[in-house]
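Me: I have a structure open and would like to learn how to read it feature by feature. Could you walk me through it?

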Amino acid sequence: MAKKVLVVDDAAFMRMMIKDILTKNGYEVVGEAQDGQEAVDKYKELTPDLVTMDITMPEKDGIAALKEIKSLHADATVIMCSAMGQQAMVIDAIQAGAKDFIVKPFQADRVIEAISKAMG
Ligand SMILES: [Mg+2]
């Protein structure tokens, strides 16, 4: 059965791009969220196998959402999506339990590599 993924990003075109890469590689995108609070809510609702989590988002950012998800589901698998120059935030995220990170602009093979590795 296809692994279920929740795609979180405040930019619709970014969500579309990730969704496209995932779908073409046999993953099922079961939900999308455009801010951290929506990510937490959708995680609870959908319990996906994996989350791709943008860092910079309005209201609640990706780091806060990651921490909340990990406090509810310690075994949640979350991969952060970062922009150039966000190394400090990426380190913060890894310490908070993120499995890996991918850097924008996305390269399909790197996205798939990170995801398949994160899911073991
Ligand atoms: Mg963003």
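Me: Let's start with contacts. Which residues does M53 touch, not counting residues up to four places away in sequence?

Reply: A contact means heavy atoms within 4.5 Å. By that rule M53 touches V8, A39, G62, A65, L66, I69, V78, I79, M80 and C81, with residues up to four places away in sequence not counted. Before we go on, a word on the source: this is a predicted model, where local features need pLDDT of at least 70, side-chain atom pairs count only at pLDDT 80 or more, and totals for chains, interfaces and linings use all residues. Residues are numbered from 1 along each chain as its sequence is written, and side-chain values use heavy atoms, with hydrogens and water left out.

Me: How many residues does the largest nonpolar core have, and which have the most contacts inside it?

Reply: In soluble globular proteins, nonpolar side chains tend to be buried together. A nonpolar core is a set of buried Ala, Val, Leu, Ile, Met, Phe, Trp, Tyr and Cys residues joined through side-chain atoms within 4.5 Å. Buried means under 20% relative accessible area, exposed over 50%, and partly exposed in between (1.4 Å probe, protein chains only). Here the largest core has 21 residues, and V8, V51, M53, L66, V78 and M80 have the most contacts inside it. The elements giving two or more residues to this core are β1, α2, β3, α3, β4 and α4; helices (H or I, at least four residues) and strands (E, at least two) are DSSP runs, numbered from the N terminus. The most comes from α3, with 4 residues. Another core, of 19 residues, lies apart from it and includes A11, I18, C81 and I115.

Me: Which residues of helix α3 are buried?

Reply: In α3 (residues 62–72), the buried residues are G62, I63, A65, L66, I69 and K70. They are on the same side of α3, because they cover an arc of only 160 degrees around the axis (taken from the directions from the helix axis to the C-beta atoms). These buried residues pack against α2 (36–46), β3 (50–54), β4 (78–82) and α4 (87–95).

Me: Now the metal. Which residues are the protein donors of the magnesium ion?

Reply: Donors are N, O and S atoms within 2.8 Å of the metal (3.2 Å for Na, K and Ca); water is not among the atoms, so sites may look incomplete. The protein donors here are D10 (OD), D54 (OD) and T56 (O), lying 2.1 to 2.2 Å from the magnesium ion. D10 lies in the loop between β1 (4–8) and α1 (12–24) and T56 in the loop between β3 and α3, so this pair ties together parts that are 46 residues apart in sequence. D10 is partly exposed, with a relative accessible area of 35%, and T56 is partly exposed at 48%.

Me: Which residue forms a salt bridge with D54?

Reply: Side chains of opposite charge can pair when their charged atoms come close. A salt bridge is a side-chain nitrogen of Lys or Arg within 4 Å of a carboxyl oxygen of Asp or Glu, and the structure holds 10 of them. For D54 the partner is K104, with the closest N and O atoms 2.9 Å apart. K104 is in the loop between β5 (100–103) and α5 (108–118) and D54 in strand β3, 50 residues apart. K104 counts as buried at 16% relative accessibility, and D54 is buried at 2%.
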